[in-house]
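Subject: Structure handover

Dear colleague,

I am passing on the structure below, and I would be grateful if you could look it over alongside my notes.

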Amino acid sequence: MSDDGANNVTYDYSSYYGEDTFFAPCNYDDVGHFGKVFLPTLYSLVFILGFLGNGLVVCVLVKHRNQTNLTDICLFNLGLSDLLFALTLPFYSHYSLVGEWTFGEFMCRFISATHSTGFFSSIFFMVVMTLDRYGVIMYAHTVARYRTLRTAMALTVLVWMLSLSVSLPAFIFTKVTNESHGLSCDYVPENNAWNLYNLFSTNVLGLVIPLLVMVVCYSRIIPTLANMRTAKKHRVVKLIISIVVAFFLFWAPYNVCLFLRFLKYEEKLSLDCKQDGYLRLSITVTEAFAYTHSCLNPIIYAFVGQKFMKRALQLLRKWVPGIHFPYSRDLSNTSFRKSSVMSSEVTSTFIK
């Protein structure tokens, strides 16, 4: 699906209709028919679930902004990133359904850049949360004085600026092109160096480095938690494992497929028509599967916590009067007090 890119922002559907001049002898109609049914359906589902879940996370944290700490700010920005990412999916759903870009040149560039920015900022904020948790657990007394609102705002600005910078080529080089089947919104770089950049940004910045940070940090956190006297430590360990495993399972297959396609375009990997068709189909499936990770973030990072769940249910009770939500009653303000005990602070960075 993504054309020569690897940053989840570029789409070239011409190959779905057997009109890719480079692969003219091959017939990819089956991939095209599958994509026209599979992609709009899954994109629509991811958009609905991602919009509702991440929207609720953002609303809850905004409502309780007076009790905000570094973890809450990271959760807020993670929800905002996934929300931004999800809002681009209806455009690509329509694009895959009709096989033509109908939203104009500016929207082609803007949606691509927005899609990429949401993707990278989501992953970067997960890295920030991982490093924050590592610092709280391994160096609690040292990092305590640095976990301030000013630090959180500085990190927020830094992550968004970095995400925008990494995504800038998507805005510059994505454009509307006139193909035989209609208008396409394609990534058209000036030279092959930008294709290498996209592969690097998605595979290295989007998967390898974040996964390495998670594995290293959490592998040191788990033994420390095991020695702590806290009733929630087993739950926290399960949450840690869920975070790493989910991130790997959802994104690794897509990144592997992108790397294989890059090797094929560079003529480092020789594939016949049948094998290339399988690779194209694999990219279509694994990409859509990877996108569903944005729906899981609210569950993994927010809704697993009793305190956050109570806040969310309180808000839903106001929005939907007359409907009873379990555990939404008898919630005193003491439920939301900040922890001062080290073990409570440690677990609260995982379970809000």
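In what follows, helices (H or I, at least four residues) and strands (E, at least two) are DSSP runs, numbered from the N terminus. Please bear in mind that this is a predicted model, in which local features need pLDDT of at least 70 and side-chain atom pairs count only at pLDDT 80 or more, while totals for chains, interfaces and linings use all residues. Residues are numbered from 1 along each chain as its sequence is written, and side-chain values use heavy atoms, with hydrogens and water left out.

Salt bridges

The structure holds 4 salt bridges, a salt bridge being a side-chain nitrogen of Lys or Arg within 4 Å of a carboxyl oxygen of Asp or Glu. In one of them Arg280 pairs with Asp276, with 2.9 Å between the closest N and O atoms; these two residues are separated by about one helical turn, because they stand 4 residues apart in helix α9 (residues 273-291). Arg280 is buried at a relative accessible area of 9%, and Asp276 is buried at 1%, where buried means under 20% relative accessible area, exposed over 50%, and partly exposed in between (1.4 Å probe, protein chains only). Lys264 joins Asp276 and Arg280 in a network of salt bridges.

Helix α4 (residues 104-138) contains both Arg109 and Glu105, 4 residues apart, and these form a salt bridge whose closest N and O atoms are 3.1 Å apart. Glu105 counts as partly exposed, at 34% relative accessibility. Arg147 and Asp132 also meet through their side chains in a salt bridge (2.8 Å, N to O); this pair links distant parts of the chain, since Arg147 is in the loop between α5 (140-143) and α6 (149-173) and Asp132 is in helix α4, 15 residues apart. Asp132 counts as buried, with 12% relative accessibility.

Of the 35 residues of α4, 28 are buried, which leaves the helix mostly covered.

There is 1 disulfide in the structure, a disulfide being a pair of cysteine sulfur atoms within 2.5 Å. The disulfide joins Cys108 to Cys185, with 2.0 Å from S to S. Cys108 lies in helix α4 and Cys185 in strand β2 (residues 182-187), so the pair ties together parts that are 77 residues apart in sequence. The link is right-handed, with 95° about the S-S bond. Cys108 is buried at 0% relative accessibility, and Cys185 is buried at 2%.

With best wishes
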